[in-house]
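Work through the exercises below with the structure open beside you. Try each task before reading its solution.

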Amino acid sequence: MNRCAIVGIGQTHHKAKRQDVSIAGLVREAASRALADAEMAWKDIDAVVLGKAPDMFEGVMMPELYLADALGAAGKPMLRVHTAGSVGGSTAIVAAQTVIAGVHRRVLTVAFEKQSESDAMWALSPKIPFQPQLTAGAGGYFAPLVRAYIRRSGAPEEVGIAVAVKDRLHALKNPYAHLRLENIDAAMVRDSPMLWDPIRYLETCPSSDGACAMVLTDDEGARRAPRPPAWVHGLATRSEPVVFAGRDQVDPRAGRDCARDVFDQARVTDPRREIDVAEIYVPFSWFEPMWIENLGFAPRGEGWRLTLDGATALGGALPINPSGGVLSSNPIGASGMLRFAEAAMQVRDQAGEHQVPGARRALGHAYGGGSQFFAMWVVGRERP
Amino acid sequence: MSGIAGRDIAIVAFVELPPVSRDTEREEVELVQPVVSEALARAGLERRDVGFVCSGSCDYLLGRPFSFVAALDGVAPWPPILESHVEMDGAWALYEAWVRLLCGDVDTALVYAYGKSSLGDLPRVLAQQLDPYTLAPLGVDADAIAGLQARALCDAGRATERDVAKVAEGRRVSDGAAAVVLAAGATAERLAKRPAWIRGIDHRIEPHQLGARDLTRSSSTRLAAEHAGAFARRPDVAFLHAGFPHEEIILRDALAIDDAVTRVPSPRADPMIVAGLTRIGHAAATVLDGGADRALAHATSGPCLQQNLVCVLDASREATS
Amino acid sequence: MDDGFEAPYRLEYTYRRSTGAVIGRFLGALRDGRLEGVRTAGGRVLSPPLEYDPESGEDVGAPVDVGPGGVVTTWTWVAAPRPDHPVARPFAWALVRLDGADTAMLHAVDVGGEPGGIRTGLRVRARWRAERTGTIRDLECFVPHDGATPIDVARPTTEVSGPVALLPSPVRLDYTIIAGRHLRTYLSGLAKKRIVGGRCPRCRKVYLPPRGACPTCGVPADHEVEVRDTGTITTFCIIRIPFDAAPFPPPYAAVAVLLDGADMPIFHLVRGIPPEEVRMGMRVRATWVPDAELAPTLASIRWFEPSGEADLPYESIEAHL
């Protein structure tokens with residue numbers, strides 16, 4: 001039986017523009033930190049699994065080809081995963097599966113986005129003949145879902161504001177976070193411009209340059225690791241169509257199925273009690289309560305109460321996104337892997353100021369596309 | 001989730017659309033839906049019986065981001081499915097599916113790839129793969145880069161001026177799609193009379209800069225072949241993914257393929273992103289239909305054969321050598 | 001085929017590339033009319049410089065002056081240069097190993113337009129552009145050099161203008177986009193003021209446009225059904241920020257409209273009512289462009305306006321959010 005352990009984690013300092021580095025330099029920064037954490041050299045790595053969102057963000061097609069040198073991949077297997085916004089999570093899962101399958105023993109997995117090379121609005125929705133142009137911009141796709149959630153749950157508007165404040169307060173404890181809003185409070189969020197009603201400016205994620213990397217290994221690698229590993233207790237993905245008649249995009253079944261699968265593998269029967277901390281993909285503040293329900297942390301229509309009660313803040317019963325989350329740093333392709341990596345950092349007691357004391361089991365969550373691709377892992381302090 | 005050591009994985013079905021030089025009828029879904037339906041029908045599987053789905057595609061061929069999202073409807077992923085996607089040739093999607101099956105918790109996988117090279121100028125589209133600082137700004141295209149490799153091989157005395165001239169004729173593009181069904185152990189034996197067992201599969205990449213590589217050798221093909229066990233026993237037939245004749249010379253050398261091996265030449269028009277997967281598919285088909293006991297397939301990606309995958313298929317589930 | 005269902009599409013963007021220390025320094029040297037490489041830990045000199053040693057993966061070391069002369073290690077002829085090529089008359093692409101370097105650089109070699117002028121082993125020197133901005137194309141091309149006469153350098157090597165931090169990188173790719181056969185049915189209808197959906201033969205749901213695969217059943221959803229141009233707003237958002245593709249100055253409402261007879265909402269705009277008064281469940285009717293402006297595009301529907309009918313209860317639209 002091959003178990004998978006995370007023994008090295010690295011990330012970049014995420015910023016709107018990392019103009020001090022090339023694309024290679026950006027991925028290298030995260031990968032070097034992960035190797036240093038694992039006390040490994042480039043030659044110790046058997047294979048590289050790379051993930052990112054569309055190539056058009058950087059204008060380099062199949063960038064694994066150009067990045068082979070920067071990731072020390074010459075003479076090694078190198079895979080490139082792309083599953084939209086969930087890609088950072090899916091990439092870590094593919095890498096972990098090569099260990100679980102017994103194919104590789106020490107795998108470097110890296111995800112990145114260098115959004116400053118282009119313009120996200122252009123790269124995500126160029127005007128293509130015969131295709132309807134997005135007449136509402138990027139948030140225009142998600143704002144109607146938020147409206148639908150509010151209608152269903154009866155949640156007050158304070159919920160979206162509370163998440164926006166909480167995650168930015170968390171970010172102040174994370175030295176790698178992009179947005180650092182020292183004076184953040186409810187009034188600042190409430191007074192920020194309404195962009196896609198009901199979503200305000202400060203309830204949205206930034207555009208970031210950044211990368212994340214992890215070294216994954218098997219039992220033997222974990223025994224040799226210089227620092228305590230995080231162990232993979234469960235891995236799951238689910239996908240569903242972007243649209244179909246009667247599709248519930250607010251509470252997608254793919255997310256529910258994925259959560260049930262990953263918790264079953266980890267033998268978690270009551271996630272709210274048994275998961276100590278969760279890093280979930282929240283690009284707009286309202287997605288925190290939506291995903292709390294979708295993940296089964298609260299009954300349908302009740303997720304927002306956890307947020308308003310403060311349960312999801314550091315010090316609460318179920319801290320969510322102590323790193324500051326996607327609302328504070330959003331290098332799109334890496335955002336999912338950052339959730340996975342931050343979850344692993346928590347159970348390794350490695351999260352510094354944003355550490356949840358004594359965290360033994362953590363959830364990493366990523367989603368993408370039209371809320372249709374899901375990737376999750378549960379990691380723990382103990383070997384499963 | 002934990003792996004099962006020594007799990008045997010086989011290909012049990014392969015379907016491709018006949019490649020056409022320019023398909024004006026089909027977008028992503030119309031390419032994928034028929035090959036997926038037909039591959040599952042041949043394997044005798046319902047969609048809900050498929051344990052894992054993995055696909056390969058490339059946004060730059062179609063000129064738009066998230067092309068794979070539209071294509072996914074072709075497998076009708078409802079109820080939700082276990083699924084992944086590589087922005088690579090479908091051969092690498094098949095590799096991911098093989099890894100996934102080795103994990104032991106699913107028994108069948110569907111792999112598909114689709115490509116429409118006809119929409120753009122393929123050699124220039126492929127030039128977007130080049131180092132964005134010192135290569136891409138030159139305006140060099142992929143055919144010119146292939147020409148550099150052909151000339152290097154000619155200078156080394158291993159190719160002829162005719163091989164070099166073939167590059168100058170350019171490549172013929174086409175649009176197409178293909179699907180493969182994989183299964184593990186007893187499931188494979190139930191789904192096919194003569195499953196094509198994957199006895200080894202491996203892929204390797206080389207440095208990117210052309211001027212830092214020996215263009216006359218494919219060290220990554222050689223490494224992948226070693227790790228895939230390709231040299232343990234000579235295959236009956238080999239399907240190589242070569243865009244030009246000189247590439248085939250380099251690959252034959254790396255794979256030690258002599259005249260005793262039946263080589264199936266690359267088709268004149270090869271759908272980008274699908275081509276590698278179809279090599280594996282055709283190799284599997286020859287084993288499935290009894291045409292060969294052991295077949296080798298190869299796929300490539302990147303400028304001058306930068307990245308290569310080798311897959312060894314055998315009618316025998318047990319190692320015989 | 002050209003019945004209005006293929007259209008040119010240009011993927012065009014000027015990326016703003018930050019270069020990092022190693023590449024930035026190299027580009028700065030080019031701007032100064034100098035050629036540089038970097039030395040690896042193993043002692044090799046790489047030019048063009050790479051940020052990381054392709055053999056070991058380690059960081060590279062100090063910069064090294066190379067050239068200005070070099071030797072062609074392989075080449076390929078370009079008989080018909082494109083406007084974006086570095087040389088206007090027929091030329092060769094070549095790998096050039098600069099004096100003092102262990103790897104070769106890809107660039108153009110101008111031999112006067114005659115293919116007989118290029119060969120492997122040819123000694124060449126750099127020809128510089130007069131106007132240099134810090135790109136690989138500041139080196140205009142290489143030209144033959146007999147080795148006897150000294151090579152002019154563009155500028156004394158002591159003048160160093162510093163690294164190039166940002167590299168504007170225009171990308172322009174031309175495609176011909178097609179509308180597949182299912183989309184054509186839908187678009188053709190819109191040009192005739194008809195909204196044609198496709199019914200799935202299995203689940204009976206009606207999709208707009210008809211689809212190559214029903215997303216839940218996997219069979220084509222293409223039994224043609226005409227749906228009405230009236231419908232119900234299921235959900236919406238109010239856009240309050242201006243952006244490039246915006247059809248109106250903000251604020252305005254973007255809505256999901258479930259047309260009568262369809263099972264899937266389409267996304268469009270609503271006018272004729274202040275955005276604040278848009279409601280879930282509100283009944284709307286399409287406003288078409290004048291007949292003379294009808295075309296095979298969803299823009300034939302200019303927007304939706306309230307029809308004046310009573311709102312539908314939330315329960316009746318809840319399944320379509």
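## Exercises on the interface of chains A and C

**Exercise 1.** Find the partner of A:Glu117 in a salt bridge.

Solution. Apply the criterion: a side-chain nitrogen of Lys or Arg lies within 4 Å of a carboxyl oxygen of Asp or Glu. The partner is C:Arg17, with 2.7 Å between the closest N and O atoms. Next, take the count for chain A and chain C, which is three salt bridges.

The model is predicted, with local features needing pLDDT of at least 70 and side-chain atom pairs pLDDT 80 or more, while totals for chains, interfaces and linings use all residues. Residues are numbered from 1 along each chain as its sequence is written, chains are lettered from A and ligands numbered from 1 in the order in which they are written, and side-chain values use heavy atoms, without hydrogens and water.

**Exercise 2.** State how many residues of each chain are in contact, and what area is buried.

Solution. Count contacts (heavy atoms within 4.5 Å): 57 residues of chain A meet 56 residues of chain C. Then take the buried area (accessible area, 1.4 Å probe, lost on putting two parts together, summed over both): about 4,600 Å², with 61% from carbon and sulfur atoms.

**Exercise 3.** Identify the strand of chain C that pairs with strand 5 of chain A.

Solution. Strands are DSSP runs of E, at least two residues, numbered from the N terminus, and pairing requires at least two DSSP bridges. Strand 14 (residues 230–239) of chain C pairs with strand 5 of chain A, antiparallel, over two bridges. Within strand 14 of chain C, C:Ile239 stands opposite A:Trp196.

Notes:
Helix = DSSP H or I, 4+ residues; strand = E, 2+ residues; numbered from the N terminus.
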